[in-house]
Amino acid sequence: MNNMDSVETKYQIAKDWLPRYTGMALKDFGHQILLTNFSHYINLFSDRFDVPTCGNNKPMQACTNSSGITLINFGIGSPNAATIMDLLSAIRPKSVLFLGKCGGMKKSTEIGNFILPIAAIRGEGTSQDYLPPEVPALPSFKLHKFVSEKIKEAGEDYRTGVIYTTNRRLWEHDKTFLKKLKKTTAIGIDMEVATIFIGGHYNEI
């Protein structure tokens, strides 16, 4: 099998699996994708735009509004983040934005602050299957700038910095890990951001 055959096979698998995982037909996905890992966001989106939710009996749920924006609840963790970024290659979206939450690592950060990451540390391991460890996990500059402008237009403030992405959830009482984490000077810690950045880069999203 040559490289083009491999790419086409991957594309065919993604086209089959994206509807299977979300319950939504490919034609019903918008070109702008919002990702979340909270079903509450799906409910709010569905109610606000009066649109149905697909995939209530599937691993992931999704709904699309009349503006062509699709919100997907992909679950929790870097493997799920990698899966959805692979599957989104089936529809080749114009942009993907992740709406999540993270643990704060700075005393200046308070609960409820918006954090807009400029990069992510690849501590989760999953992204190593996509690109070498020396490849930085970075967001799209254009999308980062757009989001920062929208937050300001809404009269809100935000913090910016590096996020540490890990596969571990219950890390708070591991003193060795915590000491290492503080040395990174990260502003926050999560389980998906680095994977989404690298998955987007790898899949040309």
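Helix 3 (residues 78-87) and helix 6 (residues 193-202) pack at an angle of about 25°, and their axes lie 9 Å apart. Because angles under 35 degrees count as roughly parallel, over 145 as roughly antiparallel, 65 to 115 as roughly perpendicular and the rest as oblique, helix 3 is roughly parallel to helix 6. Axes here are lines fitted to C-alpha atoms, for helices over the stretch in contact, and angles run from 0 to 180 degrees between N-to-C directions. Helices (H or I, at least four residues) and strands (E, at least two) are DSSP runs, numbered from the N terminus.

This is a predicted model, in which local features need pLDDT of at least 70 and side-chain atom pairs count only at pLDDT 80 or more, while totals for chains, interfaces and linings use all residues. Residues are numbered from 1 along each chain as its sequence is written, and side-chain values use heavy atoms, with hydrogens and water left out.

The crossing of helix 3 and helix 6 is right-handed; a crossing has this name if the near helix is turned clockwise from the far one by less than a right angle, and is left-handed if anticlockwise. Helix 3 contributes S78, A81, A82 and M85 to the contact, and helix 6 contributes T195, I196, G199 and G200. Contact means heavy atoms within 4.5 Å. By class, this contact of helix 3 with helix 6 has four nonpolar, four polar and no charged residues. Ala, Val, Leu, Ile, Met, Phe, Trp, Tyr, Cys and Pro count as nonpolar, Asp, Glu, Lys and Arg as charged, and the others, Gly among them, as polar.

Helix 6 also packs on a sheet, where it touches strand 6, strand 7 and strand 8, and its direction makes about 80° with that of strand 6. This open sheet has four strands in the order 5-8-7-6, with mixed pairing. Two strands pair if DSSP finds at least two bridges between them. Strand 5 (103-104) and strand 6 are the edge strands, each pairing on one side only. Strand 6 (residues 114-123) runs parallel to strand 7 (residues 158-166), joined by nine bridges, and A119 stands opposite V162 in strand 7. Three bridges pair strand 7 with strand 8 (residues 188-190) in the parallel sense; I163 stands opposite G188.

From strand 7 the chain crosses through helix 5 (residues 175-183) to strand 8, in a right-handed β-α-β crossover. That hand means that, with the strands pointing away from the viewer, the path from the first strand over the helix to the second runs clockwise.

A second open sheet takes its four strands in the order 2-3-1-4, again with mixed pairing. Its edge strands are strand 2 (61-64) and strand 4 (95-99), and the twist averages 20° from one strand to the next. Strand 1 (residues 32-36) and strand 4 run parallel, joined by five bridges. The bridge partner of I33 in strand 4 is V96.
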